[in-house]
Amino acid sequence: MGERLYVGIDLGTYQSTIASSAGEMKTIETVVGRPKDPVARNMLGRDVLFGNDALRNKLACNLYRPMAAGVAQDDEENLAAAKAFVTHLIETVGPEEYDEVFGVICSPSHVSFTDKSNLVATLRGQVNAIMVVTEPFATAYGIGEIMGSICVDIGAGTTDIARLYGIFPTEEDQLTIQEAGDWIDLQLMELVQKKYTGAQVTKDMVRKWKEEFSYVSGDDREQMVELSVDGKKQVVDIGDLIKSACSMIIGKVGSAVKSIVASADPEYQPILRNNIILSGGGSLIEGIAEAVANDIADIGDVTVTCVEDPIEKVATGAMALAQDMPDEQYTAIN
Ligand SMILES: Nc1ncnc2c1ncn2[C@@H]1O[C@H](COP(=O)(O)OP(=O)(O)OP(=O)(O)O)[C@@H](O)[C@H]1O
Ligand SMILES: [Mg+2]
């Protein structure tokens, strides 16, 4: 048998990461651009652009976010964009030097749970065999916490929660809620428009403000940002609004965690309650672990922590799983 490369792939709504057994790691925003017309094609000198490259040239391109919630999974252009994106992502870790590639894939829950066949079509020709797992499971595996924990992945499109007790989590062990990073961005956008009538803000603007200043507790902080109100430049304070928008997710996550605890084996509940792990980009909100712990304090003693380097944890966990699993756990796809 020739040499095999293992990869862990975190296909995210907002950004995607690949980690390889050769030690490579790469994160790219999950966006694909195609030149809008022949002028754009000539100027750009390429047929397809990915991540930041696509975003920098967004006015000259049709942009696709193939993993975003609400994107029709059978839409031909999005499927093609997804395939081009995944091919590009895998090429960044140099698969051509190996005889075969085995991959563990995490995809947004709306993709992996409703139609895995599209995922297989997207990966065919790029990897020889795949195994699909959920984000919280991959993360928990990677950090050695599958023996008794609740892992909460707060992504962009969804928050995925899994109860872990030493086996592959079943459907009953997992829960997905729609409130995650994108939802916070929408709340913040509404709050800004309410406080500053006529404010012109985009989703990208509010996301950047949130990422820079996010927090959920303590006194309101002043946070001045520049925006246009009816075309006129203004510098306004949105510090209080950022706290409000970020805080709105706490109760949603808290309720979901409570229901995952409540439906677990009662003898196991104390262990689960005392090992609640937050991951995903949303876990970078300052103070979130403490706020979630306070929110669920009525169910007894709880311990809530955040993983380090949450953006990469899904992919590194998936890669560790890829290396550890026997071949019969994989599905051959070529
Ligand atoms: N410092 C921060 N504070 C608050 N939110 C943040 C911060 N950094 C990143 N985020 C948010 O985290 C989200 C991205 O996280 P992540 O990469 O885990 O999502 P994803 O994997 O693309 O999405 P999904 O898992 O839902 O498919 C975005 O909504 C982003 O704005
Ligand atoms: Mg994710």
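Domain bounds here come from an automatic or database domain assignment. This is a predicted model, in which local features need pLDDT of at least 70 and side-chain atom pairs count only at pLDDT 80 or more, while totals for chains, interfaces and linings use all residues. Residues are numbered from 1 along each chain as its sequence is written.

**View 1. Domains of the protein.** The assignment gives domain 1 (4-30 + 65-136 + 313-332), domain 2 (138-179 + 250-310) and domain 3 (181-244). Taken over C-alpha atoms, the centres of domain 1 and domain 3 are separated by 34 Å.

**View 2. The shell around ligand 1.** Of the 22 residues around ligand 1 (those with a heavy atom within 4 Å of it), T13, Y14, E135, E211 and S214 come nearest. Helix α8 (residues 203-213), a DSSP run of H or I with at least four residues, gives the most to this shell, with three residues.

View 3. A nitrogen atom of ligand 1 lies 2.8 Å from an N or O atom in the side chain of S214.

Key:
Chains lettered and ligands numbered in written order. Heavy atoms only, no water. Polar contact = N/O pair within 3.5 Å; in protein donor to acceptor, adjacent residues only side chain to side chain. Helix = DSSP H or I, 4+ residues; strand = E, 2+ residues; numbered from the N terminus.
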